[in-house]
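Work through each task with the structure in view before reading the solution.

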Amino acid sequence: MTRFRRSLCARAAAVALVVPLLSCAGGTSQRPPVVAASPPSTPPPPHAGSPRPETEAPRPAASAEPRPAAAHPGPLPGMPPVLDPNDIYSEDRPGHLSHVVRDFPPRVYVPNSKSDTVDVIDPRTFKVIDHFPVGTLPQHVTPSWDMRTLWVLNDYGNSVTRIDPATGKKGETLPVDDPYNMYYTPDGKYAIVVAEQRRRLDFRDPQTMKLKRSLHVACPGVDHLDFSADGRYFIASCEFGAKMIKVDVEDPRVLGSVRLRAGGMPQDVKLSPDGKVFYVADMRANGVYMIDGARPSVIGFIPTGRGTHGLYASRDSKYLYVSNRGEGSVSLIDFATRSVARKWVFPGGGSPDMGGVSADGKVLWLSGRYHGEVYAIDTESGKLLARIKVGREPHGLCVYPQPGRYSLGHTGVFR
């Protein structure tokens, strides 16, 4: 979601309709959840203060004007085939580890945005076993398409730091402009760096991170996305624009957009197992939109809780775990019924943000953004197994290794 470049109090004021729990000391509010917030005043730009200097000159940009797409027969060339058209997550089953990652030690990598560090947790003991400095404002830890590398995205540091998941140790740091988030095209050809402040999607070499082309988008706060089942397009959220955009993958250009309710703040995006519906968390509407990517259009809305934020599919493809950062809870959306099946409320509150599911599917790991902790949640009972103290403002943690054939990025989206 959005980077926290301003003070916590200033940021809390900017999203007061979403996260009333935030005081400077970080408490929780008991205001009941609502389906959608009233239209606020015009939201501030994603980054206040003096703009940062460009760290590299962008290449000539592709046009961001919506243009009709030509008919695309078949999947994106070079993309691994979809093995089960009814379940794009069929290769993410418990313990179904690729030979590439099979011998990697299980770890949870936690980027602490306000500490400029990464904490490494052993998931078997719930203990922090390593800690190292990285660049300024690390936002997410992202697995590479080939799953051999983890990248720490140092947003304000204009760099990415390599982690070797075979050892869990920090490697080299490469210059990359404004890396708030990062994804990979399904064919593995490009790493897509989501340059939120620049309103750009930068297509880079996935190994060297050299810039190949940029797409400027009329999308304030572009930050999260997910790909269609055939890999031909993706849907991206515009956090400060209350809309979503649809982008062609092979010939990067904006194909269309979807307006959300006034004042919305869309966050994480996740495709349904059958590939028919994109689920979009909206932190200000306090729930999840359902979007038909083909049209594109909104086809429904599911209330979940205050500050709806992160989305993660269960290992059996039955549920979508939804983190409600503003109230300390996780809602489970049943993919079959498109409704909330149950809700886990954290005793004593919390601020569950981003994370992932363990390889065996038994534990959901989420960062506690405003509590300096990480949550380990039993996926059978919803019980909190552990609260682990880490650095300041932990954000997009990565559970690794995970099942799957290849990574689409973020904190671990595998197919």
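Solution. The model is a predicted one, and its aromatic pairs come to 11. The partners come from distant parts of the chain, 239 residues apart, with Phe126 in the loop between β3 (117-122) and β4 (127-133) and Trp365 in strand β26 (residues 363-368). As for accessibility, Phe126 at 28% is partly exposed, whereas Trp365 at 2% is buried.

Task 1. Describe the pair formed by the rings of Trp145 and Tyr406, and state where each residue lies.

Solution. The ring centres of Trp145 and Tyr406 are 5.7 Å apart and the planes stand at 35°, so the pair is tilted. This pair, too, links distant parts of the chain: Trp145 belongs to the loop between β5 (138-143) and β6 (150-154), Tyr406 to the segment after β29 (398-400), and 261 residues separate them. Trp145 is partly exposed at 23% relative accessibility, while Tyr406, at 3%, is buried.

Task 2. Which residues do ring pairs link into a cluster, and over which ring does the charged end of Lys246 sit?

Solution. The cluster consists of Phe104, Tyr400 and Phe414. The charged end of Lys246 sits over the ring of Tyr233, 4.2 Å from its centre, and Arg342 lies over the face of Tyr319, at 5.0 Å from the ring centre.

Terms used:
Residues are numbered from 1 along each chain as its sequence is written. This is a predicted model: local features need pLDDT of at least 70, side-chain atom pairs count only at pLDDT 80 or more; totals for chains, interfaces and linings use all residues. Side-chain values use heavy atoms; hydrogens and water are left out. Rings of Phe, Tyr and Trp (its six-membered ring) pair if their centres lie within 6.5 Å; planes under 30 degrees apart count as stacked, over 60 as edge-to-face and the rest as tilted. Helices (H or I, at least four residues) and strands (E, at least two) are DSSP runs, numbered from the N terminus. Buried means under 20% relative accessible area, exposed over 50%, partly exposed in between (1.4 Å probe, protein chains only). A charge sits over a ring if NZ of Lys or CZ of Arg is within 6 Å of the ring centre and within 35 degrees of the ring normal.
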